[in-house]
Amino acid sequence: MDAINSRRSIRRFSDREIPHDIICKIIESGIKAPSSKNRQPWKFMVIQGQAKEEMLRAFRAGIQREKSGRAMLPESSRHLRGAEYTVQIMEQAPVVIFVLNPLGKGLFAPLNDEDRIYELCNIQSVSAAIENMLLEATDLGIGSLWICDIFFAYEELCGWMDCGGELVAAVAFGYPEESPSPRPRKGFEDVVVWRR
């Protein structure tokens, strides 16, 4: 409960490196997440150093493509400034982990009803792994930011990674340089329905 209550989305990190064994502990926590039918549909790609510079170039290229009129997400153009800010956050974070679903059909594959449910179940499983990682990081004094702005550069990032499967999210990790206050939450009575 301490990690749940104290976890915050961190957007300012120090340049202090995270020890390898701490990164491994964070990933191991993700691997321990529950998954639909125990498929464990996850793969973790750890990005550091020079690889991070290459990844950021791919991310920026995707944002530029979105701005140039060849947008994959034309209805979301108002969020491009936020995506550019996300690139800055990732640039200062010592570690970025991309989380993939190697069983995924991909964003552009036509899905029948059964495939769509299979995809949803696997995404739920991957999300549980990500949450485990965030909580473990918090417990270890590491800040984190769950990133979905990657979809503005989905094609470019997938092309750069060349890893197969479906890109689900990225998480930036580092020692925090800020202590944000808790964000407002909807009230219990606003989100819970009892049926008896």
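Which residues are buried in helix α6 (residues 154-161)? In this predicted model, the buried residues of helix α6 include Y154, E156, L157 and M161, where buried means under 20% relative accessible area, exposed over 50% and partly exposed in between, with a 1.4 Å probe and protein chains only. The cover over the buried residues of α6 includes β1, α3 (49-67), β2 and β4. Helix α6 is followed by D162, which has a positive phi near 50°. Helices (H or I, at least four residues) and strands (E, at least two) are DSSP runs, numbered from the N terminus.

Residues are numbered from 1 along each chain as its sequence is written, and side-chain values use heavy atoms, with hydrogens and water left out. Because the model is predicted, local features need pLDDT of at least 70 and side-chain atom pairs count only at pLDDT 80 or more, whereas totals for chains, interfaces and linings use all residues.

Four strands form an open sheet in the order β1-β2-β4-β3, with antiparallel pairing; two strands pair if DSSP finds at least two bridges between them. From one strand to the next, the twist averages 20°. Five bridges join β1 to strand β2 (residues 95-101) in the antiparallel sense, and F98 in β2 is the bridge partner of M45.

Two helices are described against this sheet. Helix α2 (residues 20-31) lies across β1, β2 and β4 (166-174) and runs at about 160° to β1. Helix α5 (residues 113-139) packs on the sheet and touches β1, β2, β3 and β4, with its direction at about 5° to that of β4. Axes are lines fitted to C-alpha atoms, for helices over the stretch in contact, and angles run from 0 to 180 degrees between N-to-C directions.

Residue W146 is located in strand β3. It counts as partly exposed because its relative accessibility is 33%. Apart from neighbours within four places in sequence, W146 is in contact (heavy atoms within 4.5 Å) with S127, I130, E131, L134, A169, A170 and V171. The C-alpha atoms of W146 and M55 are separated by 17 Å, and these residues are 91 residues apart along the chain.
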